[in-house]
Amino acid sequence: MEKVNRPLRIALTKGRLEKDTVGLLEKIGYDCAAVRDKGRRLILPVGDTIEVVLAKAADVITYVENGVCDMGVVGKDTIMEMNGKFFEIADLGFGKCRFALAGKKGTDFYSGYNVKTIATKYPNVSRSFFEKKGMDVDIVKIEGSVELAPLLGLADAIVDIVETGTTLKENGLEVFEDISPISARLIVNMVSLKMRQQEIESLIKLIEENLN
Ligand code: PRP
């Protein structure tokens with residue numbers, strides 16, 4: 001692993017969580033102009049002591065787990081799916097949505113004895129949800145717009161993120177069952193927390209004091 005005399009590196013999930021994370025860092029007093037005006041750059045300075053790495057959610061976990069980023073901001077959905085080795089330090093309270101089982105409106109999902117097919121971007125979350133029910137299902141991994149699978153007849157239901165419910169509604173689908181709430185979490189690499197304890201703990205304290 002690289003020596004620690006570099007800025008504290010925070011991996012930040014691109015897209016939905018990005019704006020709220022930048023807002024939080026600014027509220028604490030960090031200058032995020034470079035992130036706001038990033039163009040196509042992927043590693044951006046935030047003040048003199050932090051640099052932000054913009055990555056896809058699953059990669060945030062990979063970088064933090066491997067210690068090339070000290071901290072990360074990522075959704076609980078990705079944490080539940082990937083089960084990595086790191087400390088989950090705080091619920092940041094934004095990026096709120098939920099995991100739900102959903103499918104075509106009016107379907108009685110639990111009726112019948114046939115093995116149901118579930119389409120999802122989250123096979124591990126889905127498997128554990130149905131295992132707890134003692135229900136055998138076939139899981140099909142889909143990369144995006146999972147809602148298409150039941151509409152096209154590939155799946156009986158989906159396990160997916162529901163935020164406003166608009167995507168389901170506009171496609172004639174409905175929630176059958178809520179699975180678990182989701183929000184953005186602050187994660188920390190286990191070695192970094194020891195090696196850069198003071199820096200990281202004071203940042204965590206600032207973050208926690210500035211949560212809404
Ligand atoms: C997520 C999720 C749903 C949608 C739910 O997809 O998979 O499709 O958001 O949001 P809503 O309840 O507010 O309508 P995302 O936009 O991340 O894109 P993807 O399907 O391509 O992954």
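User: Which residues line the largest cavity?

Analyst: First, a word on the source. This is a predicted model, in which local features need pLDDT of at least 70, side-chain atom pairs count only at pLDDT 80 or more, and totals for chains, interfaces and linings use all residues. Residues are numbered from 1 along each chain as its sequence is written, and side-chain values use heavy atoms, with hydrogens and water left out.

Rolling a probe the size of a water molecule over the atoms shows where empty space is left. On a 1 Å grid over the protein atoms alone, a cavity is a set of points where a 1.4 Å probe fits but cannot get out, whereas a pocket is an open set with protein on both sides within 12 Å along at least five of seven lines; lining residues have an atom within 4 Å of a point. Here the largest cavity is lined by I10, T21, L24, L25, V73, L92, L186 and I207. Helix α1 (residues 18-28) contributes the most to this lining, with 3 residues (helices are DSSP runs of H or I, at least four residues; strands are runs of E, at least two).

User: What volume does the largest cavity have, and how does its lining divide by class?

Analyst: A volume is the space filled by probe spheres set on the grid points, which are joined across faces, edges and corners. For the largest cavity that is about 60 Å³. Its lining has 7 nonpolar, 1 polar and no charged residues.

User: Which space does the ligand take?

Analyst: A molecule sits in a pocket if more than half of its atoms lie within 2 Å of its grid points. The ligand takes the largest pocket, which holds about 1,100 Å³ of space. Among the 38 lining residues, R16, D77, K121, Y122 and I161 lie nearest the centre of this pocket. By class, the lining has 13 nonpolar, 12 polar and 13 charged residues.

User: Which residues come nearest to the ligand?

Analyst: A residue is near a molecule if one of its heavy atoms lies within 4 Å of it. Of the 13 residues around the ligand, K121, E147, D160, T164 and T167 come nearest. Strand β9 gives the most to this shell, with 3 residues.

User: Where do polar backbone atoms lie 2.8 Å from a ligand oxygen?

Analyst: A polar contact is a pair of N or O atoms within 3.5 Å. Polar backbone atoms of S145 and E163 each lie 2.8 Å from an oxygen atom of the ligand. For G165 the distance is 2.7 Å.

Definitions and conventions: Ala, Val, Leu, Ile, Met, Phe, Trp, Tyr, Cys and Pro count as nonpolar, Asp, Glu, Lys and Arg as charged, and the others, Gly among them, as polar. A polar contact is a pair of N or O atoms within 3.5 Å; within protein, one must be able to donate a hydrogen and the other to accept it, and residues adjacent in sequence count only if both atoms are side-chain atoms.
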